[in-house]
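User: Please examine the model shown below and discuss its pockets and its nonpolar core.

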Amino acid sequence: MAIREVLRFPDERLRTVAQPVTDFGPELQALIDDMFETMYEERGVGLAATQIDQHLQLIVMDLSEDKSEPRVFINPKVVKQNGKFINEEGCLSVPGVYAKVERAETITVEAQDRQGNTVVTDGDELLSICLQHEMDHLLGKLFVDYLSPLKRQRIKQKLEKNARLDAKMG
């Protein structure tokens, strides 16, 4: 297993639309393991393959406090959604930034597990938010896209400045 580099906004590779997974062999299994290791290292609760420059429809997630509930969603599709609510979100690709985003309150997602079996997941609260957030990544969309252009520009400038400072210190 290996920790992968997480792409940071405004990296254009985050805008790549992910392709469906068709091969569930050893390469995919290793990628899933790397994604979990990376997500845990970064203290995240979800990670889309797009965020580590792997443009496949693959999401890993663990909403538990003790890393005991790892979940894999491959080729996910929302089959039902209800309600609306607003919640504050953050993202490993947009570090240190949090903003209120409107999402569906409950969703039902059909996906495949790491062996390719079809699974249906009903999500509400944090699970619903995370699934929608990570599925956006697979479409090349970030949570900052829900914000006003001015807020998005300020976030971009802040992260670019932080990257320059990190490069000088590195």
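**Pockets and core**

Analyst: In this predicted model, the lining of the largest pocket comprises ten nonpolar, seven polar and five charged residues.

User: Which elements give two or more residues to the lining of the second largest pocket?

Analyst: The second largest pocket holds about 270 Å³ of space. Its lining of 15 residues includes Val 78, Gln 132, Met 135, Asp 136 and Leu 139, which lie nearest the centre. By class, this lining has eight nonpolar, three polar and four charged residues. The elements that each give two or more residues to it are E3, E4 and H2.

User: What is the volume of the largest pocket, and which elements give two or more residues to its lining?

Analyst: The volume of the largest pocket is about 340 Å³. Among its 22 lining residues, Val 45, Glu 89, Gly 90, Cys 91 and Leu 92 are the closest to the centre. Two or more lining residues come from each of strand E3 (71-91), strand E4 (94-112) and helix H2 (125-138).

User: Which element supplies the largest share of the largest nonpolar core?

Analyst: The core has 17 residues, and Ile 32, Met 35, Leu 58 and Val 60 have the most contacts inside it. At least two residues each are supplied by helix H1 (26-41), strand E2 (58-61) and E3. The largest share, seven residues, comes from H1.

User: Which residues does Ile 32 touch, not counting those up to four places away in sequence?

Analyst: Ile 32 is one of the residues with the most contacts inside the largest nonpolar core. Beyond four places in sequence, Ile 32 touches Leu 58, Val 60, Val 72, Ile 74 and Arg 114.

Technical notes
Residues numbered from 1 in each chain as written. Predicted model: local features only at pLDDT ≥ 70, side-chain atom pairs only at ≥ 80, totals over all residues. Heavy atoms only, no water. 1 Å grid on protein atoms, 1.4 Å probe; cavity = no way out; pocket = protein on both sides within 12 Å on 5 of 7 lines; lining within 4 Å. Points joined across faces, edges and corners; volume = space filled by probe spheres on them. Helix = DSSP H or I, 4+ residues; strand = E, 2+ residues; numbered from the N terminus. Nonpolar A, V, L, I, M, F, W, Y, C, P; charged D, E, K, R; others polar. Core = buried A, V, L, I, M, F, W, Y, C linked by side-chain atoms within 4.5 Å. Buried < 20%, exposed > 50% of the residue type's maximum accessible area, 1.4 Å probe, protein only. Contact = heavy atoms within 4.5 Å.
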